[in-house]
Amino acid sequence: MSKHNQLDYLDELEAEAIHILREVAGQFERPALLFSGGKDSITLVRLAEKAFRPGKFPFPLVHIDTGHNFQETIQYRDDMVKRLGEKLIVGNVQDSIDQGKVVEQKGKNASRNSLQTVTLLDTIAEHKFDACIGGARRDEEKARAKERIFSVRDEFGQWDPKRQRPELWNIYNGKIHKGENVRVFPISNWTELDVWNYIRREQIELPSIYFAHERDTIIRNGQLMAASPVLNMDQEDVITRRTVRFRTVGDMTCTAAVASEAFLIDDIIDEISQSKISERGARMDDKVSEAAMEDRKKGGYF
């Protein structure tokens, strides 16, 4: 693909995503943009700037903080919000634990990742959000490939794959009943490589963990994990300094690194182009069962 055609293709993806964001602003009363600090939600923020500047965003940014996030991600989030001058709402999983709504997992592979569903649903209910924008893409995982761009959730925040609405000719139906909400995925049709090409074109700054760096790591369940106090480590865990980067960003207890020498964005794009494993191949939470993601989505996970 020539550089000229590639840029035209990115323009088409950008235009579609901006159209979807403006549809959300036009159809819903209390939308929100879910922000994780990962490259996909960062891309959504850039698209929102293009869709609504010089005005303010017609929605706040919402981050569900497990308390086990990478510090680089939290610092990036705070710096970005300060630069943008937009509103940030943080839902804390620790609050859900303290209130007895969820129970902290035990054992060596304990993670707070699954607990954030309750915190998310409580945050949606508290602020009465009727639409939540997220950066999920169809190429990430087979359950996400089933989902429409406008995905209706019932009054319990649950997703029913059988309630998918047709989206012919880019017409999006946001009509919902009281108590329901819609999850919206403006970059659903993008691939991981599309996102990185867009980040390169737009010169978007990312958290440093996306690029190769030295870090103390352990091997757990065949995956490279960042050595951290939030991991339940024992004498079997041998800490080794390695050069790694992260393809996806989530809870430290379930997000694995990959060995990499990709220090520059062009190196990352070359690396992804040759990879035979999807980025969510480095997410431990997706390996619980064959239907792990779909089960979580049915329960209210984003």
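I took a residue as buried when its relative accessible area is under 20%. The model I examined is a predicted one.

**Helix 7.** I looked up how well helix 7 (residues 192–202) is covered, and found eight of its 11 residues buried. Among them are Trp-196, Tyr-198 and Ile-199, as well as the acidic residues Glu-192, Asp-194 and Glu-202. I noted that Gln-203, which follows helix 7, has a positive phi near 55 degrees.

I traced a closed barrel of four strands in the order 7-8-10-9, with antiparallel pairing. Its neighbouring strands are turned by 70 degrees against each other on average, direction ignored. For strand 9 (residues 240–245) and strand 10 (residues 256–259), I recorded two bridges in the antiparallel sense. Val-244 has Ala-259 of strand 10 as its bridge partner.

**Salt bridges.** My search of the whole structure returned 26 salt bridges. I examined three of these pairs.

I found Lys-50 and Glu-14 joined at 2.7 Å, N to O. Lys-50 belongs to helix 2 (residues 39–52) and Glu-14 to helix 1 (residues 3–27), 36 residues apart. Glu-14 is buried at 12% relative accessible area, whereas Lys-50 is partly exposed at 33%.

I found Arg-53 and Glu-86 in a salt bridge, with their closest N and O atoms 2.7 Å apart. Both residues lie in loops, so this pair ties together parts that are 33 residues apart in sequence. Glu-86 is buried, at 9%; Arg-53 is partly exposed, at 30%.

I also found Asp-266 and Arg-200 in a salt bridge at 2.7 Å, N to O. This pair links helix 8 (residues 265–274) with helix 7.

Notes:
Residues are numbered from 1 along each chain as its sequence is written. This is a predicted model: local features need pLDDT of at least 70, side-chain atom pairs count only at pLDDT 80 or more; totals for chains, interfaces and linings use all residues. Side-chain values use heavy atoms; hydrogens and water are left out. Two strands pair if DSSP finds at least two bridges between them. Axes are lines fitted to C-alpha atoms, for helices over the stretch in contact, and angles run from 0 to 180 degrees between N-to-C directions. Buried means under 20% relative accessible area, exposed over 50%, partly exposed in between (1.4 Å probe, protein chains only). A salt bridge is a side-chain nitrogen of Lys or Arg within 4 Å of a carboxyl oxygen of Asp or Glu.
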